[in-house]
Amino acid sequence: MTSSHEGPDNKIPVAVLGATGSVGQRFAALLADHPWFEVKVLAASERSAGRPYREAVRWVQQTPLPASLAEMPIAPCQPGAARGCRLAFSSLDDNVAGALEAEFAAAGFLVVSNAKNHRMHPQVPLLVPEINAGHLDLATRQDFGPGKILANPNCSTIGLVLALKPLVDAFGVEQAQVFTMQALSGAGVPGVPGMQVPDNIIPLISGEEQKIESESRKILGSLAADGIRDHDLTVSAQCNRVAVSDGHTGCVSVKLASKATPEEVIEAWRSFEGEPQRLGLPSAPVPPIHYLDEPDAPQPRIHRDLGGGMAISVGRLRECPLLDYKFVTLSHNTVRGAAGGAILVAELAVERGWVERPPGAGS
Ligand code: NAP
């Protein structure tokens, strides 16, 4: 798309906090050629600070480390070290994200966070731009300081709610049950110990089930004068770590509020689009949802990169003897579920005028 934000001289300078981790690397890879944003600061812990990025990071992406970032020294994770940036993408470890993100917002940054810490804060919007772009306005009620915090949801939650949203709009959804099979990259770097990976499934991802159950209701909820009113659907989640590199799979059953034929359900997915597609945002996948007809789809290795990893895929729709329908979803956890999703949130915020453009930037 042609955008008023494009051009080498008018990119918005951004910082990546937690740049050495699993999600931080995705940010580096996705932002290296972004038409609106330019990485000016890569920050991480004191262990990494001062070292060139190529040396501090254990690069595990399939694309090479961007040459433009390789020699950039890692900055300490302090607002003063990111002076000149207006926007900070956070992929900080949960143990430090809460306080550090608040510090950056107090210093005037727009922080787009991947961490769990602020997601359920009553004034922090939990954004999947195709679903609840209007929730962005909730951030005007924040009192972190001159800056704001916008939250990107849990990686499994994003795949689930994107599949549910068209059904919520068309038929209503009363109950959803999901069993996840989640990729190793979701556990960060270095992640799950090697001895636990082959020939194994780990039926515990600490805190994940509660996140999916509560975050889904907030994302699908509505913005009211007193804050977000959660959607009243009930979600039950069971989460498992499996030996897949990237891509979270969910086996979902739903109870609908009104009857629908399988053809109507598939049509709801195939015709779905949201605000990012209507605005033509650079990271918006078109279409956002692929319904796949193959009887054994979706599969992580084959389908996780659809739409550059920003689209989700859905398949195997069939009747459910307990609820109404069951199906399988797949979403890329570090792209759609983390760095790419956060970049899409930032693009929406820029489009809505939340981030000042650099002085002298052409229009
Ligand atoms: P990770 O690989 O463990 O990376 C954590 C990052 O935080 C590293 O860059 C690390 O820097 C930095 N860090 C740790 N302690 C710090 C400190 N005291 N000060 C400054 N920086 C510090 O984790 P991840 O998987 O990328 O996840 C990052 C965040 O995104 C987490 O909150 C996670 O829950 C969330 N998330 C992850 C995924 C996923 O699929 N992986 C998806 C959605 C959301 P050093 O290298 O210097 O230690």
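The legends below describe close-up views of a predicted model.

**View 1. The two domains of the chain.**
The domain assignment divides the protein chain into domain 1 (8–154 + 339–351) and domain 2 (155–332). Their C-alpha centres are 24 Å apart. Across the boundary, 36 residues of domain 1 are in contact with 42 residues of domain 2.

**View 2. The largest nonpolar core.**
This core has 60 residues. Leu-167, Val-254, Trp-269 and Phe-327 have the most contacts inside it. Helix α6 (residues 155–170) contributes eight residues, the most of any element. Domain 1 and domain 2 both give residues to the core, so it lies between them. Apart from this core lies another, of 43 residues, which includes Leu-31, Leu-110, Met-310 and Ile-343.

**View 3. Surroundings of Trp-269.**
Residues up to four places away in sequence are not counted here. Trp-269 touches Ala-163, Pro-166 and Leu-167, along with Ile-289, Tyr-291, Val-314, Leu-317 and Phe-327. Trp-269 is also one of the buried residues of α8.

**View 4. The six-stranded sheet.**
The strands form an open sheet with mixed pairing, in the order β10-β7-β11-β14-β13-β12. From one strand to the next the twist averages 20 degrees. Strands β11 (residues 248–256) and β14 (residues 325–331) pair in the antiparallel sense over seven bridges. Opposite Thr-249 stands Leu-330 in β14.

**View 5. Helices α6 and α8 against the strands.**
Helix α6 lies across β7 (173–182), β10, β11, β12, β13 (312–319) and β14, and runs at about 145 degrees to β7. Helix α8 (residues 262–270) packs on the sheet, where it touches β12, β13 and β14. The direction of α8 makes about 170 degrees with that of β13.

**View 6. The buried side of helix α8.**
Val-265, Ile-266, Ala-268 and Trp-269 are the buried residues of α8. These residues are on the same side of α8 because they cover an arc of only 155 degrees around the axis. Among the elements that cover them are α6, β12, β13 and β14.

**View 7. Leu-127 in its loop.**
Leu-127 is in the loop between β5 (110–113) and α5 (129–132). Its relative accessibility is 1%, so Leu-127 counts as buried, the cut-off being under 20%. Beyond its neighbours within four places in sequence, Leu-127 is in contact with Asn-132, Ala-133, His-135, Leu-136, Leu-150, Ala-151, Asn-152, Pro-153 and Val-345. Leu-127 and Gly-341 are 214 residues apart along the chain, and their C-alpha atoms are separated by 8.7 Å.

**View 8. Two cis peptide bonds.**
Val-189 and Pro-190 are joined by a cis peptide bond with omega of about 5 degrees. Pro-190 is in the loop between β7 and α7 (208–219). The peptide bond from Val-286 to Pro-287 is also cis, with omega near 0 degrees. Pro-287 belongs to the loop between α9 (275–279) and β12.

Asp-199 is not a glycine, and its phi is positive, near 60 degrees. It is found in the loop between β7 and α7. With 81% relative accessibility, Asp-199 counts as exposed. Arg-316, also not a glycine, has a positive phi of about 55 degrees. Arg-316 lies in strand β13, and at 38% relative accessibility it counts as partly exposed.

Note on methods:
Residues numbered from 1 in each chain as written. Predicted model: local features only at pLDDT ≥ 70, side-chain atom pairs only at ≥ 80, totals over all residues. Heavy atoms only, no water. Core = buried A, V, L, I, M, F, W, Y, C linked by side-chain atoms within 4.5 Å. Buried < 20%, exposed > 50% of the residue type's maximum accessible area, 1.4 Å probe, protein only. Helix = DSSP H or I, 4+ residues; strand = E, 2+ residues; numbered from the N terminus. Domains from an automatic or database assignment. Contact = heavy atoms within 4.5 Å. Pairing = 2+ DSSP bridges. Axes fitted to C-alpha atoms, helices over the stretch in contact; angles between N-to-C directions. Arc of directions from axis to C-beta.
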